[in-house]
Amino acid sequence: MRKQAWVLMLLLVAVLVLSACGEKLTSSGKAQVVRVGVFKNVTHAAAYIALEKGYFAREWGNEVKIEVTAFDNGSDLSIAMATGDIDVGFVGPGPATTFFLKSKNYRVVSGSNNGGAVLVARNGSGINTVKDLVDKTIAIPSKGNTNEISLRMLLQQEGVSLGRGAESAHLIVRSPSDTLISFRQKEIDATLVPEPWGTQIEKAGLGKVVVDWKAIPPNNGDYPTVIMVASDKFIALHRDMVKGAIKANRDGIAFIQNSPEQAYDLINNQLKKYSGKGMDKGLIKASLSRLKLTTDVDVKVMEEMAKVSIDARYIKGINKEELDLSKFVDLSMLQEVENGR
């Protein structure tokens, strides 16, 4: 009798756990739906290729439905990750770290792109160097995002203060797609943006790149700008599917590196799909020349960037000396993929 009661209790617990998860599975035990988050810019090229070439479907199977949400900035995507609205996402390390330290329910599982951001000055603004940003208005895509962190580091290393008063550089938030209009209206003097927006401003004849991507801090442009994150729940229930996503991202990178001419049109297809408009092939090509596609993730560089967020008070309640992102970055699945497991 006791044995039967024990078995019944275990079954009840199992039912409650499954109900709490709310997980619907395919016949093969995979999730029926996987929700993927991306950005609407070229720095997410590897994810675009993986979607366009069907690499995710190849790894997960055709019975799995892939729902893609395209975000305008990293803060919105990170909030969606923290609140469980997406399972796998491609995002910048700045907002991803900030919201992880609040929710602690998702992990970095792979890199996707390093660099790809440039500092562009408006024609006629008188800006030729970083020091010329004093008393100028600089646009960033969103507060606390990776580009703002890089801008803060760039200003600091050049001895330019950031604030609202005189003798300081001034920040303003403008989405990258709005910077062209802001340049035309002379509302802003400069912007630090991810590609393709810097190249687009140049080609429109509205501004010039004054700090190219390889001189943007930290680590001379070789810092994570797009990382792949997965929710703890998705990792726990579908570790093999996370590894499949890592393979899809890796193969997307390899395709761009091995077949760049074919990649430009495929990337453009995804840009049309998620941003509503395409992009000149030459613009995509120029943009990709200003970034480094890689699955590598440098935790130390991410911690360096997070310390800037602490100083800016985007991350609160943590001392810089106590900061440890080792639990945020889980590259064990990436290593298994690289080892053929």
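Leaving out neighbours within four places in sequence, L334 is in contact with V109, S110, I246 and T295. Please keep in mind that this is a predicted model.

- L334 belongs to helix α14, which covers residues 332-338.
- Is L334 buried or exposed? Its relative accessible area is 7%, so L334 counts as buried, the cut-off being under 20%.
- One of its contacts, V109, lies 225 residues away along the chain, yet the C-alpha atoms of L334 and V109 are 6.6 Å apart.

**A patch of negative charge**
- Which residues make up the patch of negative charge on the surface? D296, D298, E304 and E338 gather there.
- D296 sits in the loop that links β11 (292-293) with α13 (299-311).
- With a relative accessibility of 49%, D296 is partly exposed, because that class runs between the 20% limit for buried and the 50% limit for exposed.

**Helix α4**
- Helix α4 spans residues 74-82 and is mostly covered, with seven of its nine residues buried.
- Those buried residues are G74, S75, L77, S78, A80, M81 and A82.
- What do the buried residues of α4 pack against? Their partners include the strands β1 (33-39), β2 (65-71), β3 (88-91), β4 (106-114) and β10 (224-231).
- Helix α5 (93-103) is also among the elements that the buried residues of α4 pack against.

Methods. Residues are numbered from 1 along each chain as its sequence is written. This is a predicted model: local features need pLDDT of at least 70, side-chain atom pairs count only at pLDDT 80 or more; totals for chains, interfaces and linings use all residues. Side-chain values use heavy atoms; hydrogens and water are left out. Helices (H or I, at least four residues) and strands (E, at least two) are DSSP runs, numbered from the N terminus. Buried means under 20% relative accessible area, exposed over 50%, partly exposed in between (1.4 Å probe, protein chains only). Contact means heavy atoms within 4.5 Å. Patches are made of residues with over 30% relative accessible area and no salt bridge: like charges are joined within 9 Å, nonpolar side chains (Val, Leu, Ile, Met, Phe, Trp, Tyr) within 5 Å. Accessible areas come from the Shrake-Rupley method with a 1.4 Å probe; for residues, only the protein chains shown count as cover. A salt bridge is a side-chain nitrogen of Lys or Arg within 4 Å of a carboxyl oxygen of Asp or Glu. Lys and Arg count as positive and Asp and Glu as negative; His and the chain ends are not counted. The place of a charge is taken as NZ of Lys, CZ of Arg, CG of Asp or CD of Glu.
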